[in-house]
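Hi,

Here is the structure I promised to pass on to you. Have a look at it first, and then read my notes below.

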Amino acid sequence: MGWYILSWLTATKPAHRIVAAPVVDDDGASVGVVSASDVLRHEAGMPDPQSQDGNDERAWGKARARTAGALMSSSVFTARADWTIPRAARELRRRHVKQLPVVGDDGLLTGIVTRSDLLDAFIRSDVEIRGEVEQDVLGRILGLDEGTVAVEVRDGVVTLRGHVPEPRLVPVVVGLCQGVDGVVAVDAHLAAAPAG
């Protein structure tokens, strides 16, 4: 089965953006990862020149591998399916890896998360950001009437203009908007609504 994984990785088109394939045992538990760079080194028949053990038998064995088990990195760190996106991103950064296999409560593989997956989660269109600010932050959370605060979003920068019921709500509105995924900055031009 390992040979098929190697063949599949080498035959996969770049447009599919597959950077790694998790390797599982017969029970479905994650035992390692084969990365695109592993496959490239395998195809070249050379060990990783950056590796600390680039000249030892293990590195040369990986370069001559015929199965995924022989090629994979066996030190596999996994993410839990219920982790938040920021937690998964922190773990990728802390461990200096580009992908993490994702496991469920039973410890079995359910998927893989990559740096680009996490980046995509934070790159949202201005229209999506504006919708969430208007509907969730201003409407559902703060209960402001529609049109009380005008929202403009350009390149992730949210500009707010209008009135809020009390001055102490201004920093609350700004803080909630800053917490919306994809928001780069918040420019608030808000004042307390005139008494009347």
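Below is what I found, starting with how to read the numbers.

This is a predicted model, so local features need pLDDT of at least 70 and side-chain atom pairs count only at pLDDT 80 or more, while totals for chains, interfaces and linings use all residues. Residues are numbered from 1 along each chain as its sequence is written, and side-chain values use heavy atoms, with hydrogens and water left out.

Let's begin with the inside. The largest nonpolar core has 20 residues, and Val133, Leu138, Val158, Leu160 and Val164 touch the most other members. A nonpolar core here is a set of buried Ala, Val, Leu, Ile, Met, Phe, Trp, Tyr and Cys residues joined through side-chain atoms within 4.5 Å; buried means under 20% relative accessible area, exposed over 50%, and partly exposed in between (1.4 Å probe, protein chains only). At least two residues of this core come from each of α7 (126-141), β6 (149-154), β7 (157-164), α8 and β8 (185-192). Helices (H or I, at least four residues) and strands (E, at least two) are DSSP runs, numbered from the N terminus. With 5 residues, α8 gives the core its largest share. There is also a second, separate core of 9 residues, with Ala88, Val102, Val113 and Leu118 among them.

Now zoom in on α7. Glutamate 134 sits in this helix and counts as partly exposed because its relative accessibility is 31%. Leaving out residues up to four places away in sequence, glutamate 134 touches Gly139 and Val151 (contact means heavy atoms within 4.5 Å). Valine 149 is 15 residues from glutamate 134 in sequence, and their C-alpha atoms are 8.5 Å apart in space.

On to α8, which spans residues 169-178 and holds valine 172. Valine 172 has 37% relative accessibility, so it counts as partly exposed.

Finally, two loops are worth a look. Most residues other than glycine have a negative phi. Histidine 96 is not a glycine, yet it has a positive phi of about 55°. You'll find histidine 96 in the loop between α5 (85-95) and β4 (99-103), and it is exposed, with a relative accessible area of 68%. Aspartate 155, also not a glycine, has a positive phi near 55°. Aspartate 155 is in the loop between β6 and β7 and is exposed, its relative accessible area being 64%.

Cheers
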